[in-house]
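Visitor: I have a few minutes and a new model to look at. Can you walk me through it?
Guide: Gladly; here it is.

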Amino acid sequence: MYPEYLVAPMRAELTNAGFEELLDADAVKGAVESEGTVLVMVNSVCGCAAANARPAAKMAAGYEKRPTKLVTVFAGMEKEAVDSARNYMLPYPPSSPSMALFKDGKLVHMIERHQIEGRNAQMIADNLMHAFDQYC
């Protein structure tokens, strides 16, 4: 677990862009299993989250065609929420940062850490927006 003062600005980066923070397994279940489309961002303190993943998620959140819900969990903080989110992301292994798009409770698109590292935010945002065009 990280000190809250350290992660607070990283949390705010997404919540200020319209993401709802999920803090426990019930909140994750309610979001993921809801009707419509849900983007789940597994936030992280790592450099690729700061440089690539969060900026990409914010760009995609501003896209005209976007999911019904934008939600986030924070790796290394709310373990129950993160574990629950990762269970919905199976068969993909745990990865942070990562992003998963669900439609009517089913995983339809996944971006793992290895697809975030070494790619710029615009490339990742384009990947998300293409998925939004297809599923939202």
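Visitor: What should I know about the model and the numbering?
Guide: The model is predicted: local features need pLDDT of at least 70, side-chain atom pairs count only at pLDDT 80 or more, and totals for chains, interfaces and linings use all residues. Residues are numbered from 1 along each chain as its sequence is written, and side-chain values use heavy atoms, with hydrogens and water left out.

Visitor: How many helices and strands are there?
Guide: There are 6 helices and 5 strands. They are DSSP runs numbered from the N terminus: helices are H or I with at least four residues, strands are E with at least two. The order from the N terminus is α-β-α-β-α-β-α-β-β-α-α.

Visitor: What order do the strands take in the sheet?
Guide: β1-β3-β2-β4-β5, in an open sheet of 5 strands with mixed pairing. The edge strands are β1 (20-21) and β5, each pairing on one side only. Strands pair if DSSP finds at least two bridges between them.

Visitor: Which way does β1 run against β3?
Guide: Parallel, with 2 bridges between β1 and β3 (residues 69-74). Glutamate 20 sits opposite valine 71 there.

Visitor: And β2, how does that pair with β3 and β4?
Guide: β2 runs parallel to β3 over 6 bridges. With β4 the pairing is antiparallel, also over 6 bridges. Methionine 41 faces threonine 72 in β3, and valine 38 faces phenylalanine 102 in β4.

Visitor: Why is β2 called largely enclosed?
Guide: Because 7 of its 7 residues are buried. Buried means under 20% relative accessible area, exposed means over 50%, and partly exposed is in between (1.4 Å probe, protein chains only). Thr37, Leu39, Met41 and Asn43 point one way from β2, while Val38, Val40 and Val42 point the other.

Visitor: What share of the whole chain is buried?
Guide: 49% of the 136 residues.

Visitor: Switching topic. Where are the cis peptide bonds?
Guide: One runs from leucine 90 to proline 91, with omega near 20°. Another joins serine 96 and proline 97, with omega about 0°. Proline 91 lies in the loop between α4 (79-88) and β4 (98-103), and proline 97 is in the loop between α4 and β4 too. Most peptide bonds are trans, and most residues other than glycine have a negative phi.

Visitor: Which residue has a positive phi without being a glycine?
Guide: Aspartate 104, at about 50°. Aspartate 104 lies in the loop between β4 and β5 (106-111). Its relative accessible area is 45%, so aspartate 104 is partly exposed.

Visitor: Is cysteine 46 buried or exposed?
Guide: Buried, at 16% relative accessible area. Cysteine 46 lies in the loop between β2 (37-43) and α3 (47-61).

Visitor: What does cysteine 46 touch?
Guide: Leaving aside neighbours within four places in sequence, cysteine 46 contacts Ser96, Pro97 and Arg113. Contact means heavy atoms within 4.5 Å.

Visitor: How many salt bridges does the structure hold?
Guide: 7. A salt bridge is a side-chain nitrogen of Lys or Arg within 4 Å of a carboxyl oxygen of Asp or Glu. Glu4, Arg11, Glu21 and Glu78 are linked in a network of them. Glutamate 4 is partly exposed at 40%, whereas arginine 11 is buried at 8%.

Visitor: What about lysine 58 and glutamate 13?
Guide: Their closest N and O atoms are 3.4 Å apart, in a salt bridge. This pair links distant parts of the chain: lysine 58 is in helix α3 and glutamate 13 in helix α1, 45 residues apart.

Visitor: And how far apart are aspartate 83 and lysine 79 along helix α4?
Guide: 4 residues, so about one helical turn. Their side chains form a salt bridge at 2.8 Å, N to O. Aspartate 83 is partly exposed at 31%, while lysine 79 is exposed at 58%.
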